[in-house]
Amino acid sequence: MERKLYKDPNNKMIAGVCSGLGNYLGVDVAIMRVLFVAMALLGGPGLLIYIILALIMKKPVSEYEAEQDDRF
């Protein structure tokens, strides 16, 4: 089955980007959030990348589709 990158509306704090990336990559969501905050605070492009991803990442079409992606 093909995995797709979507925002996660069920586990979001701001836009669902970190939870969507965590689900897609199979990484804990907390790790993704820490990475983005660390990049932003250390002068890296963390905030810019987050904003761009929030704009271009899509929401899942249906609740079923979101549940299917959570299994990986």
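Tutor: Before we start, one word you'll need: a residue is buried when its relative accessible area is under 20%, exposed when over 50%, and partly exposed in between (1.4 Å probe, protein chains only). Also, this is a predicted model, where local features need pLDDT of at least 70 and side-chain atom pairs count only at pLDDT 80 or more, while totals for chains, interfaces and linings use all residues. Residues are numbered from 1 along each chain as its sequence is written, and side-chain values use heavy atoms, with hydrogens and water left out.

Student: Let's go to α1. Which residues are buried there?

Tutor: V17, C18, S19, G20, L21 and G22. What covers them includes α2 and α3.

Student: Is S19 buried or exposed, and what's its number?

Tutor: S19 is buried, at a relative accessible area of 1%.

Student: What does S19 touch?

Tutor: Leaving out residues up to four places away in sequence, S19 touches D8, N11, K12, V29 and R33. Touching here is a contact, meaning heavy atoms within 4.5 Å. The S19 side chain also reaches the backbone oxygen of N11 at 3.3 Å. That second kind is a polar contact: a pair of N or O atoms within 3.5 Å, where, within protein, one must be able to donate a hydrogen and the other to accept it, and residues adjacent in sequence count only if both atoms are side-chain atoms.

Student: New topic: K7. Where does K7 lie?

Tutor: K7 sits in the segment before α1.

Student: It's a lysine, so is K7 buried or exposed?

Tutor: K7 counts as buried, at 15% relative accessibility. Its side chain reaches the backbone oxygen of A54 at 2.7 Å. Not counting residues up to four places away in sequence, K7 has contacts that include A15, G16, L53, A54 and P60.

Student: How far apart are the C-alpha atoms of K7 and L53?

Tutor: They're separated by 9.2 Å, although the two residues are 46 apart along the chain.

Student: Now α3. Which of its residues are buried?

Tutor: Helix α3 covers residues 46-56, and its buried ones are G46, Y50, L53 and A54.

Student: Why are those on the same side of α3?

Tutor: Because they cover an arc of only 105 degrees around the axis, an arc taken from the directions from the helix axis to the C-beta atoms. In general, an α-helix has 3.6 residues a turn, so residues three or four places apart point the same way.

Student: What covers that side, and which residues are exposed on the other?

Tutor: The cover includes α1 (17-25) and α2 (29-41). On the other side of α3, L48, L55 and I56 are exposed.

Student: Which residues form a nonpolar patch on the surface?

Tutor: L47, L48, I51, I52, L55 and I56, with about 640 Å² of accessible area together. Patches use residues with over 30% relative accessible area and no salt bridge, joining like charges within 9 Å and nonpolar side chains (Val, Leu, Ile, Met, Phe, Trp, Tyr) within 5 Å. A salt bridge is a side-chain nitrogen of Lys or Arg within 4 Å of a carboxyl oxygen of Asp or Glu.

Conventions
Helix = DSSP H or I, 4+ residues; strand = E, 2+ residues; numbered from the N terminus. Areas by Shrake-Rupley, 256 points an atom, 1.4 Å probe, with all protein chains shown as cover.
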